[in-house]
Amino acid sequence: MKIYGVPLSPFSRKVLIALKLKNLDYELVPTMPGTQTPEFLTISPLGKVPALVDGDLTISDSSVICQYLEEKAPQYPLLPETIGDRAKCRWLEEYADSVVAASCSRLFWEVAVKPMLKNEQPDRELVSVIKEQRFPEMASYLETQVPESGFLFGQFGLADISIATHFINASYVDQEVDADKWPKLAAYLEHCWSHQVIKEMMEADKAYLRNL
């Protein structure tokens, strides 16, 4: 099984965490978001990471890949047991991959990726909108959704991964969750980041960032 992507991509990280939790072997093929080579576009027609190749199967999109992994390897379920909890889990995954990403991961892109890897200036107006409007609105909603303690649906699962991976990128550009404003969310994220798989991936991320 091959995964095309880079660990600093929150969507790639989401899939890599799922693979590690399920103890599945894989080969990571380093591929930057937006890669437009003919070879990669045959695997990921939209040019997005992550993408997966498993035998003759090629698929892209982190949610589709995680669903495939869940059905292929049921050990360590990523989804909760009941139909209602599964539906809520998928909603939170979608919210994370759209709304949380538009705040946390877009901020990382503007502040870190554009100047360091693309030699471009951040969009200062967009950064201001994210910090002053998008991020507080998103954090306020999640404050109503996360539990007082523990993970969302018992064991560390897909909804937790999807939320945590984007906040990891925000933390790399010093966008923290104010524990005075959003105490449950701040505690919840610390709990997610204390998971051994997350800790290992964050250490690898930080080593990579130091070498940029």
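**Salt bridges and domain contact**

Colleague: Which residue forms a salt bridge with Lys-22?
Modeller: Lys-22 pairs with Glu-70, and their closest N and O atoms are 2.8 Å apart. Lys-22 lies in the loop between H1 and strand E2 (27-30) and Glu-70 lies in helix H3, so the pair ties together parts that are 48 residues apart in sequence. A salt bridge here is a side-chain nitrogen of Lys or Arg within 4 Å of a carboxyl oxygen of Asp or Glu. Helices (H or I, at least four residues) and strands (E, at least two) are DSSP runs, numbered from the N terminus.

Colleague: What kind of model is this, and how are residues numbered?
Modeller: It is a predicted model, in which local features need pLDDT of at least 70 and side-chain atom pairs count only at pLDDT 80 or more, while totals for chains, interfaces and linings use all residues. Residues are numbered from 1 along each chain as its sequence is written, and side-chain values use heavy atoms, with hydrogens and water left out.

Colleague: Back to that pair: are Lys-22 and Glu-70 buried or exposed?
Modeller: Both Lys-22 and Glu-70 are buried. Buried means under 20% relative accessible area, exposed over 50%, and partly exposed in between (1.4 Å probe, protein chains only).

Colleague: How many salt bridges does the structure hold?
Modeller: There are seven. Two of them involve Glu-110: Arg-106 meets Glu-110 at 2.9 Å, N to O, and Lys-114 reaches Glu-110 with closest N and O atoms 3.0 Å apart. Salt bridges that share partners also join Lys-14, Glu-93 and Asp-97 into one network.

Colleague: Where do Arg-106 and Glu-110 sit relative to each other?
Modeller: They are four residues apart in helix H4 (residues 83-117), so about one helical turn separates them. Lys-114 and Glu-110 are likewise four residues apart in H4, again about one helical turn.

Colleague: And how accessible are Arg-106, Glu-110 and Lys-114?
Modeller: Arg-106 is partly exposed at 36% relative accessibility. Glu-110 is buried at 0%, and Lys-114 is buried at 12%.

Colleague: New topic: which domains are assigned?
Modeller: The domain assignment gives domain 1 (2-72) and domain 2 (83-210); such bounds come from an automatic or database assignment.

Colleague: How much area do the two domains bury between them?
Modeller: They bury about 1,600 Å², 71% of it on carbon and sulfur atoms. Buried area is the accessible area (1.4 Å probe) that two parts lose on being put together, summed over both.

Colleague: How many salt bridges are counted between domain 1 and domain 2?
Modeller: Three are counted between the domains. Arg-13 also forms a salt bridge with Asp-205, the closest N and O atoms being 3.0 Å apart.

Colleague: One last item: where is Thr-31 found, and what does it touch?
Modeller: Thr-31 is found in the loop between E2 and helix H2 (38-43), and it is buried, with a relative accessible area of 8%. Not counting residues up to four places away in sequence, Thr-31 touches Tyr-4, Gly-5, Val-6, Phe-40 and Val-49. The side chain of Thr-31 also reaches the backbone oxygen of Val-29 at 2.9 Å.

Technical notes. Polar contact = N/O pair within 3.5 Å; in protein donor to acceptor, adjacent residues only side chain to side chain. Contact = heavy atoms within 4.5 Å.
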